[in-house]
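Dear colleague,

Please find the structure for your review below.

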Amino acid sequence: MNDAHDNGVLLKAEGLSKDYHDGTRLLRVLRDAEIEVRRGEIISIVGASGAGKSTLLHLLGALDRPSAGKITINGTDLSAMSDQQLAVFRCRSVGFIFQFHHLLAEFSALENVCVPGLILGRGFHEIHPEAEALLRSVGLEERLTHRPSKMSGGEQQRVALARAMVNNPDLILADEPTGNLDTETAEVVIKLLWGHTREKNKSLVIVTHEPDIAKRADRCLRLRDGRLIPE
Ligand SMILES: Nc1ncnc2c1ncn2[C@@H]1O[C@H](COP(=O)(O)OP(=O)(O)OP(=O)(O)O)[C@@H](O)[C@H]1O
Ligand SMILES: [Mg+2]
């Protein structure tokens with residue numbers, strides 16, 4: 001939106017905090033975390049299990065709201081938007097690859113990839129060939145009509161990858177996208193994510209437990225004690 005004024009910064013989060021209330025206990029997961037993501041940049045995020053990596057990604061992808069702090073994407077302050085506006089914004093600007101796929105069980109691979117486009121109001125005839133091409137590019141041309149329950153974990157993860165890319169979003173948030181994959185399939189997924197980001201000058205934030213993947217990013221940040229620090 002504000003290309004001329006943002007110095008190439010796509011996403012900026014300041015003073016980000018997230019508390020969960022568990023009965024009488026207060027769990028402070030994020031405390032004053034800061035992150036800036038530039039256009040074309042790939043950032044990896046590492047940290048112990050339970051450190052808050054998925055929580056952080058959900059906030060950056062507008063799937064949840066912070067307890068405190070401010071997130072700006074493409075010059076838009078997310079806190080100023082209604083839930084309805086956020087849903088549209090998310091669909092247009094963010095591709096999310098969840099830690100556990102979250103594909104729709106009743107839909108085929110092809111239909112799952114079409115969903116974000118349909119939500120944006122794009123016609124089925126426009127979105128269908130794009131979704132099919134994306135599934136081919138992740139090696140799933142033989143699985144177009146399969147439902148998730150009839151696919152392996154790695155195949156489901158690749159459907160999720162195609163779904164995240166279908167609206168050509170400025171930002172892809174990937175939560176351990178290779179967590180359940182063998183080395184060879186993991187490499188396919190990483191090459192696709194990196195290729196998409198580099199070729200289109202998009203941005204990628206990837207959470208990973210694998211040091212070799214974390215190192216391939218432009219920058220690696222560690223989430224510790226609720227804050228992000230350079231690795
Ligand atoms: N909805 C919730 N309500 C209460 N506590 C939650 C909720 N979601 C997450 N938590 C807690 O917040 C902490 C951070 O969870 P999160 O899923 O962000 O960790 P993570 O860094 O992604 O871990 P992993 O590497 O295992 O995926 C954990 O202690 C978790 O139990
Ligand atoms: Mg997680």
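**Helix packing and cysteines**

In this predicted model, H5 and helix H6 (residues 183-200) pack with their axes 11 Å apart, at an angle of about 5°. H5 is therefore roughly parallel to H6 (an angle under 35 degrees). Axes are lines fitted to C-alpha atoms over the stretch in contact, and angles run from 0 to 180 degrees between N-to-C directions. Helices are DSSP runs (H or I, at least four residues) numbered from the N terminus. Arg158, Leu161 and Met165 of H5 are in contact (heavy atoms within 4.5 Å) with Thr185, Val189, Leu192, Leu193 and His196 of H6.

Helix H3 (residues 109-119) is largely enclosed by the rest of the structure, because eight of its eleven residues are buried (under 20% relative accessible area, 1.4 Å probe, protein chains only). Among the buried residues are Leu110, Val113 and Cys114. Their cover includes helix H2 (83-93), helix H4 (124-137) and helix H5 (153-165). Gly121, with a positive phi near 90°, follows H3.

Zero disulfides (cysteine sulfur atoms within 2.5 Å) were found in the whole structure. The sulfur of Cys91 has its closest cysteine sulfur in Cys114, 12 Å away, which is too far for a bond. Cys91 is buried at 12% relative accessibility, and Cys114 is buried at 1%.

Residues are numbered from 1 along each chain as its sequence is written, while chains are lettered from A and ligands numbered from 1 in the order written. Local features need pLDDT of at least 70, side-chain atom pairs count only at pLDDT 80 or more, totals for chains, interfaces and linings use all residues, and side-chain values use heavy atoms, leaving out hydrogens and water.

Yours sincerely

Conventions
Buried means under 20% relative accessible area, exposed over 50%, partly exposed in between (1.4 Å probe, protein chains only). Helices (H or I, at least four residues) and strands (E, at least two) are DSSP runs, numbered from the N terminus. Angles under 35 degrees count as roughly parallel, over 145 as roughly antiparallel, 65 to 115 as roughly perpendicular and the rest as oblique.
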